[in-house]
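Let's walk through this model together, one contact at a time. Please keep the viewer open as you read.

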Amino acid sequence: MGSFTFVVVSNRLPVDFDEADDGSAIWRTSPGGLVTALEPLMRTSGGVWVGWPGVADRDFEPFENDGISLVPVRLSAQELADYYEGFSNDTLWPLYHDVIAPPSFHRETWDAYVAVNRRFADAAMASAAEGATVWVHDYQLQLVPRMLRDARPDLVIGFFNHIPFPPYGIYDQLPWRKQILHGLLGADVIGFQRVSDASNFSRAVRRLYGYATRGVVIDVPTETGATRRVVAKHFPISIDSAGYEEIARRPEVQARAREIREGLGNPKTVMLGVDRLDYTKGIGHRIKAFGELLADGRLSVEDVTLVQIASPSREQVGSYMALRDEIELAVGRLNGDFSTISHTAISYHHHGYPREEMVAMYLAADVMLVTALRDGMNLVAKEYVAVRFDSDGVLVLSEFAGAADELKQAILINPHDIEGTKDAIVRAVEMPRRDRMRRMRALRRKVFDKDVAAWSASFLSALTGGAAVKAGISSELNAALSEVAAAETLLVALDFDGTLAPHVDQPEEARAVQGTHEAVQRLLDMPGVRVAFVSGRALVSLQHVAQPQPNVLLTGSHGIEMKLDSPEIELNLVGAELEQLDTLARVLTTISGSVAGSTIERKPAGMALHTRLSAPDDAERAHNEARRVLGDELPGLTVREGKNVLEFSVRSRTKGDALQLLRAHTGADRVLYAGDDVTDEDAFAVLGGTDVGVKIGPGPTLAAYRVRSPTEVTQLITRLADVRAALKR
């Protein structure tokens, strides 16, 4: 067990190796979005990065580079051939990219993949402190989460898959399909680039393991018979948008952009393609479409030039060697057919460039062509947008790239449709400046609102939203349980969503974790103990999802509805309040109808606007609009903001009010209250000095104690029942 509380695990360390004259190692930070996103967190959290240093058959001791701790993992040349070039890139890569090229299946490369994943897992475990957060990256390390889970159940484990995850009809070709899923399900949160990738993964889990899935939640059975919840959700990655714009604004970079255009003969339109030389990128489709446009006379080589950057990739793999020959033959043939003495149809470059040179090329290009046949995201599209601070330029983007889900103002194409691709290119070349600028401004808002920092924050928030707190019940909380269990009369009041049940995207699908019903029943069977559920839900909804025992006390709508030892729900609204409800319904229904992913929940004395499934910027806009309109029309409403929800009530009541009524009703000497939301802080605020408040998850709170998740809440009330039973013997 190590000392680091945050561990990143990826195939490569974020450094490039060079050797000094005396044989010592020189390390330089390699540019990349992942490094940019995680660098501040690595420094502030005392994190460590585990990965291969980029040199075969060399041992390196852990070291620090530019303020980041690094742990090198040794790989031999044979392991790189089998694990990396073999199973990762000759089996998984083509399979996960819709079998554009045929994958190979070899047992010896699988064995190497397992062995190397084990080595990475061991290095991560040796670095991770108790309860640490470990974030594993990409398809090369899909077995690591399970290896970590089995050996170190104290860890909080996330996995992000940077490439697509294929439909089940393709995935099921993999001979080791169950082992890969088993490995990934060791994580607490599994991130994907697109909604469809997450759905494909959940579908594969259902087909191969039969596990229950609800929305983004997968119920994974454990060896003890309990259920562990795994989240499989899309978290589209992004770039350091501000960093790219800063480079683009440098005078020397702008001067270089002008030089590039002059070097090309100052054509009216410069089109640009930037790709690794890979069969998934659709480079051949792009060249074919451009060649046909020149042949048809719809474009002229004097007016339009295509610059194609095809950086080397996996040059020792046969299929990539063949692809290079194919692309360069097509380029040569097209240039031979259409180039003139002064104008070249395609300016082709088979090498990479420094970031500053790429930014200059983006500035020089009038049209950016992204014709990927299958791509997890394609960050080149976002880089082009971020660079264009002049709000000019046109992005032609394949709908098969993950970026198409966000960059809707691009010209979207199906690159397999050559005629459609040709029409899109002509449209981009001929687009009026006003239309170009309108589209680019919209694209830039999206790229800057959702940059790489927002991506990493979103993933880590999901991962540590209930996990930044250590797993289990602390010794301090155990001591508090022993004291409160001795009360003559005890009230155990529990929130539901996020406390007894994990949060889910569809509220009506929420269910308490396994074992909760039995633990509650044990308390109910004990003399002097009352149990209450205190929820923001309407009581009808609470009864549906919680399925409480008849003698559980219920309060809904933050205490407006009460069901206390009576079949009747206590609620009395006057005429003016009913009129306010009608106005509230009209306003929120209108707002929700204009915001994708938002829903309205009707409550007896109010309404809630849920935006859990909305884009963050859309959710913020909806909340602001609701506050503004209702502030004008119904200024006396009670407004509560929770996790991705904004609630309006025509009657003012809080969970604190509800808890006080429950205490009075039961005559309890002591109270234990558990909740996860900001609305539960009202309940924590009315607890007395001998009561116990328990916050689920991180964040500021008035509660004296914390647990990590609903699973620990069930353990907590089970522990409480055990202690009370022992005291009453």
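Predicted model: local features only at pLDDT ≥ 70, side-chain atom pairs only at ≥ 80, totals over all residues.

Buried here means under 20% relative accessible area, exposed means over 50%, and partly exposed is anything in between, with a 1.4 Å probe and protein chains only.

Residues are numbered from 1 along each chain as its sequence is written, and side-chain values use heavy atoms, leaving out hydrogens and water.

Which residue does Lys 655 form a salt bridge with? The partner is Asp 680, and the closest N and O atoms are 2.9 Å apart. A salt bridge is counted when a side-chain nitrogen of Lys or Arg is within 4 Å of a carboxyl oxygen of Asp or Glu. Lys 655 lies in helix H22 (residues 655-666) and Asp 680 in the loop between strand S27 (670-675) and helix H23 (681-685), so this pair ties together parts that are 25 residues apart in sequence. Helices (H or I, at least four residues) and strands (E, at least two) are DSSP runs, numbered from the N terminus. Asp 680 is buried too, with a relative accessible area of 0%.

Salt bridges that share partners also build one network from Lys 288, Glu 292, Asp 296, Glu 419 and Lys 422. In total, the structure holds 46 salt bridges.

Now turn to Asp 188, whose side chain meets that of Arg 228 in a salt bridge of 3.9 Å, N to O. This pair links distant parts of the chain, 40 residues apart: Asp 188 is in the loop between helix H6 (177-184) and strand S9 (189-192), and Arg 228 is in strand S12 (residues 227-234). Both Asp 188 and Arg 228 are buried. The side chain of Asp 188 also meets that of Arg 708 in a salt bridge, at 3.8 Å, N to O. Here the two residues are 520 residues apart, with Arg 708 in the loop between strand S29 (705-707) and helix H24 (710-727). Arg 708 is buried, as is Asp 188.

Next come the aromatic rings, with 27 aromatic pairs in the structure. Rings of Phe, Tyr and Trp (its six-membered ring) pair if their centres lie within 6.5 Å; planes under 30 degrees apart count as stacked, over 60 as edge-to-face and the rest as tilted. Trp 135 and Trp 455 form a tilted pair, 5.3 Å centre to centre with 35° between the planes. Trp 135 lies in strand S7 (residues 128-137) and Trp 455 in helix H16 (residues 452-464), so the pair ties together parts that are 320 residues apart in sequence. Trp 135 is buried at a relative accessible area of 0%, and Trp 455 is buried at 3%. Elsewhere, Tyr 83, Tyr 84, Phe 87, Trp 110, Tyr 113 and Trp 176 form one aromatic cluster.

Finally, look at the loop between strand S5 (63-65) and strand S6 (68-72), where Gly 67 lies. Gly 67 is partly exposed, with a relative accessible area of 36%. The C-alpha atoms of Gly 67 and Arg 43 are separated by 6.6 Å, and these residues are 24 residues apart along the chain.
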